Amino acid sequence: MGWLRVCGWHFRIRIKSSLILAAPDGQRVCTIGKSNSQRETRCFHNVTITGHRFGPVHVALGRPRTAQSSGRW
């Protein structure tokens, strides 16, 4: 992801529900799986992701309407 930024590119990635979002100071915000209720879209601005605290990045979460209602991302 760092290389993509050096190149001036934007990117989208598919992430697991266990990924941790944190504030730039390292304070944990939540995991992706616990961030939404079903059929809700959420945006997190200026957060870091992964154990390496990559960021700050903007994360937008959404779920397709056809997703099963298992409560998982």
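This is a predicted model: local features need pLDDT of at least 70, side-chain atom pairs count only at pLDDT 80 or more; totals for chains, interfaces and linings use all residues.

Colleague: Okay. What is the order of the strands in the open sheet?

Modeller: The order is S2-S1-S3-S4. That makes an open sheet of 4 strands, with antiparallel pairing.

Colleague: Which strands stand at the edges?

Modeller: S2 (28–31) and S4 do. Each has a single partner strand, so one side of each is left without a neighbour in the sheet.

Colleague: And how are neighbouring strands turned against each other?

Modeller: By 40 degrees on average, direction ignored.

Colleague: Let's go pair by pair. How many bridges join S1 to S2?

Modeller: There are 3, and the two strands run antiparallel. In S2, Arg28 stands opposite Ala22.

Colleague: What about S1 and S3?

Modeller: S1 covers residues 20–22 and S3 covers residues 42–49. They pair over 2 bridges, in the antiparallel sense. Ala22 turns up here too: Thr48 in S3 is opposite Ala22.

Colleague: How many bridges join S3 to S4?

Modeller: 5 bridges, again antiparallel, with S4 at residues 54–61. Cys43 has Ala60 in S4 as its bridge partner. The hairpin of S3 and S4 has 4 residues between the strands. Thr50 in that hairpin takes a positive phi near 70 degrees.

Colleague: Back to Thr48. Buried or exposed?

Modeller: Buried, because its relative accessible area is 5% and the cut-off for buried is under 20%.

Colleague: What is Thr48 in contact with, leaving aside neighbours within four places in sequence?

Modeller: Ile20, Leu21, Ala22, Ala23, Pro24, Arg53, Phe54 and Gly55.

Colleague: New topic. Which residues make up the largest nonpolar core?

Modeller: 11 residues in all, including Leu19, Cys30, Phe44, Ile49 and Val57. S3 and S4 each supply at least two residues of this core. S4 gives the most, with 4 residues.

Colleague: Pick Ile49. What does Ile49 contact, with the neighbours within four places in sequence left out?

Modeller: Met1, Ile13, Leu19, Ile20, Leu21, Phe54, Val57 and Val59.

Colleague: Last one. How many aromatic pairs are there?

Modeller: The count comes to 1 aromatic pair. The rings of Trp3 and Trp9 have their centres 5.5 Å apart.

Colleague: Why is the pair edge-to-face?

Modeller: Because the planes of Trp3 and Trp9 are at 75 degrees, and over 60 counts as edge-to-face. Trp3 is exposed, with a relative accessible area of 57%.

Conventions
Residues are numbered from 1 along each chain as its sequence is written. Side-chain values use heavy atoms; hydrogens and water are left out. Two strands pair if DSSP finds at least two bridges between them. Buried means under 20% relative accessible area, exposed over 50%, partly exposed in between (1.4 Å probe, protein chains only). Contact means heavy atoms within 4.5 Å. A nonpolar core is a set of buried Ala, Val, Leu, Ile, Met, Phe, Trp, Tyr and Cys residues joined through side-chain atoms within 4.5 Å. Rings of Phe, Tyr and Trp (its six-membered ring) pair if their centres lie within 6.5 Å; planes under 30 degrees apart count as stacked, over 60 as edge-to-face and the rest as tilted. Axes are lines fitted to C-alpha atoms, for helices over the stretch in contact, and angles run from 0 to 180 degrees between N-to-C directions.
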